[in-house]
Structures are given as C-alpha cells and as structure tokens.
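This report walks through one protein chain. It starts with a term, then moves from the whole fold to single residues.

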Amino acid sequence: MCGVSESAVRKYIRTNGIDRNYDNKVVKKRTILALRKENPTISLAEMSRRLGYSTNTIKKYLSLDENQSDIDTSKVSTFDITKPSVVIKTVSENQDEILHNILRLYVKKSTFDCDFTYSVGNFYISLNKPLFKFDINPQLEDVRPLDEAHDISPNSLHSVVVDLPFIVNVNNNGKFKSKIAKRFDYFKSEKELYEANNRMIELAYSKLKIGGFLIMKTMDVCGPSKQLWINNYVQNKAAECGFILEDIFILVSQTKYLFTSGLRQRHARKYHSYFFVFRKGKKHK
Ligand SMILES: C[S@@+](CC[C@H](N)C(=O)[O-])C[C@H]1O[C@@H](n2cnc3c(N)ncnc32)[C@H](O)[C@@H]1O
C-alpha cells in the first residue's frame, strides 16, 4: 500500500519506537465506538456477533477513556494524541531525520535561512533549499562565494548551517584514499582546521539574530599523530563566542569512512558525527 518494502516498514516502526500493540488496541476501540455510534441502542451481544470480539472485550473498550494514554513503555503510538507521534531522539542513522528533527524542535520553520558550506546541497535532498547558499568553493550556479556572506545584514538570520571538512591531510601526497577527502576537500594542517571553525562560528554569530540557531555538523578524527577532538573545540569556541548549546544529535554511521589499512588499531574507530544546535545568546562574551 505504501510502495515500500516490508523491511522498510519494519525499520520505520523500529526507529520511531512505534508501539504496534497499542495501535492495534486503538484500532479495535475505534471500531467498537464507531459501531455503537451508528447504532446507539445496539446490544453487547449483537456487537460481539458483528465484530467478532467477546462481550467482555467490548465492555472493556467501551469503558476506557477515549483520550487517555495507557502506554506504559517508552514507545509511542501513531494514534496516541497525548504524546507526539514520533519521539525526537538524540541518535539516528539518517542525516535527513536529524535535520528534520532540528527544524521541528528548534527552528520551527520548513528549512534553514542560510548555509555557509552548501557544497552540492546534500543536506537538502528532502528539505527545501535555504534562502542563502554559500561555499568557499561554489560548485553550483546558485551558490555564492563565502566572502559574499559578509554582505548579509548583521543580526538578521534565524538559522545558519555549517558543515566544514574534518579531515587533516598533512602530507597531501595523493595517496589519501577517503572518498570524502576527495570530494569535499580537507585541511592541510590542524591550525587551518581550527581557524576555519573559528571563522565560521564568528561569522554565524554576527549574522544571527539573538535567539537564532547555528546548526553545526562536526566529527572527531584520528589525525596523523593524535586524535583531534574537534567536537570539544567547537563547543568551547561557540560558548566563548556567546552561543548556548541547546542540543546534540549523533549521526551513527553504518559505513567505514577512513582507511587505516596496515596499521594497528590504537583507538576506537569513529562511527559517528555530531549535529550541534547552538542558540545565539544575548551578549557576545
Ligand atoms: C562536507 S562539505 C559540506 C557538504 C554539504 N553540507 C552538503 O550537504 O553537500 C564541506 C564544505 O566546506 C567547504 N570548505 C572547505 N574548507 C573551508 C574553509 N576553510 N572555510 C569554509 N568552508 C570550507 C568546502 O568547499 C565544502 O563544500
């Protein structure tokens, strides 16, 4: 009926924590109530005959308060109006889901105002494109060079998205195998990586209204000689600038991003990245 596979339906039910037992009960109750509404004087025995439920079951459902939730698990119901139909969770395997959830919970608009690292716009496969699209290296006709973002009026935007590269390739010897490095470029030094993050956070701060949101995707990486905890750096820098951390969403990856072939494993391989939701506070610190 939905034009998707059975496993897609199962995955949807699982990832959204939908309580199918509860939903079945709601369907049963609605059927019973609808029959009684159509035939207000109908007997329990006649209802039982027509619907195939026992008279005790019918009595039980008729006595339940219609709007009262009796789900006692953390799961949710499509029909349960006392809880949102889909719980917003901190983790997801799906980037689109995280972006939709940030819009629903914080931005409260159909899309973001501005993206400073638009690239080819993969963030907007299932979203409306933002009004302002920038990139340091524009790859599409309607994407403006990042320098032009300085022309946006200060304190005017409601939301800004930033998704910088996170790979540092010191040697730049052409043997780097990551597809991500080839496609979105990389930083040549840690200094360059941190400076780019500083610049983006400061630019976002100056262009956002007070109460506006900076959505920043980032990832910790195992650098050539040590681990780079970019996520901590970004959080500290944003706080220093005057942002308040509202939420952290974790994108769990199913695929292996970076190659370390032939090397002994020294640290846990990173299978996740972060989406930080920062709100611009009242005063620049
Ligand atoms: C991971 S991609 C962004 C992908 C994008 N979110 C999408 O959905 O397609 C990183 C982008 O940051 C840009 N970038 C690279 N170095 C930068 C720098 N130093 N300052 C600002 N942007 C940079 C790149 O041009 C690239 O388009």
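Contact here means heavy atoms within 4.5 Å. The model is predicted, so local features need pLDDT of at least 70, side-chain atom pairs count only at pLDDT 80 or more, and totals for chains, interfaces and linings use all residues. Residues are numbered from 1 along each chain as its sequence is written, and side-chain values use heavy atoms, with hydrogens and water left out.

**Overall fold**

The protein chain holds eight helices and ten strands. Helices (H or I, at least four residues) and strands (E, at least two) are DSSP runs, numbered from the N terminus. Of the 285 residues in the chain, 39% are buried. Buried means under 20% relative accessible area, exposed over 50%, and partly exposed in between (1.4 Å probe, protein chains only). Take the contacts between residues at least 6 apart in sequence: 64% of them join residues at least 24 apart.

**Helix H2**

Helix H2 spans residues 20-38, and helix H4 spans residues 55-63. Their axes come within 10 Å and cross at roughly 90 degrees. Axes are lines fitted to C-alpha atoms, for helices over the stretch in contact, and angles run from 0 to 180 degrees between N-to-C directions. H2 and H4 are therefore roughly perpendicular. The classes are these: under 35 degrees is roughly parallel, over 145 roughly antiparallel, 65 to 115 roughly perpendicular, and the rest oblique.

H2 contributes Lys-25, Lys-28, Lys-29, Ile-32, Leu-33 and Arg-36 to the contact, and H4 contributes Thr-57, Ile-58, Tyr-61 and Leu-62. By type, the residues of this contact split into five nonpolar, one polar and four charged. Ala, Val, Leu, Ile, Met, Phe, Trp, Tyr, Cys and Pro count as nonpolar; Asp, Glu, Lys and Arg count as charged; the others, Gly among them, count as polar.

Leu-35 also sits in H2. Leu-35 is buried, at 9% relative accessible area. Leaving aside neighbours within four places in sequence, Leu-35 is in contact with Ile-42, Met-47, Arg-50 and Leu-51.

**The E2–E3 loop and Asp-135**

Thr-117 lies in the loop between strand E2 (114-115) and strand E3 (132-135). Thr-117 is buried at 12% relative accessibility. Not counting residues up to four places away in sequence, Thr-117 touches Phe-134, Asp-135, Val-161, Val-162, Asp-163, Leu-164 and Met-200.

Ser-119 is buried, at 10%. Its phi is near 55 degrees, a positive value in a residue other than glycine. Most residues other than glycine have a negative phi.

Asp-135 is found in strand E3 and is buried at 9%. Leaving aside neighbours within four places, Asp-135 is in contact with Phe-116, Thr-117, Tyr-118, Ser-119, Val-143, Arg-144, Pro-145 and Leu-146.

**Polar contacts**

A polar contact is a pair of N or O atoms within 3.5 Å; within protein, one must be able to donate a hydrogen and the other to accept it, and residues adjacent in sequence count only if both atoms are side-chain atoms.

| From | To | Distance |
|---|---|---|
| Thr-117 side chain | Asp-163 backbone nitrogen | 2.6 Å |
| Asp-135 side chain | Ser-119 backbone nitrogen | 2.8 Å |
| Lys-270 side chain | Gln-227 side chain | 2.4 Å |

**Lys-270**

Lys-270 is in the loop between strand E9 (243-252) and strand E10 (272-280). Is this lysine, Lys-270, buried or exposed? At 16% relative accessibility, Lys-270 counts as buried. Beyond neighbours within four places in sequence, Lys-270 is in contact with Met-219, Asp-220, Val-221, Gln-227 and Trp-229. Lys-270 and Ser-253 are 17 residues apart along the chain, and their C-alpha atoms are separated by 8.7 Å.

**Asn-155 and the cysteines**

Asn-155 lies in the loop between strand E4 (144-145) and strand E5 (157-163). Asn-155 also has a positive phi, near 55 degrees. Asn-155 is partly exposed, at 47%.

Cys-2 is exposed, with a relative accessible area of 66%, whereas Cys-241 is buried at 3%. A disulfide is a pair of cysteine sulfur atoms within 2.5 Å. By this rule there are zero disulfides.
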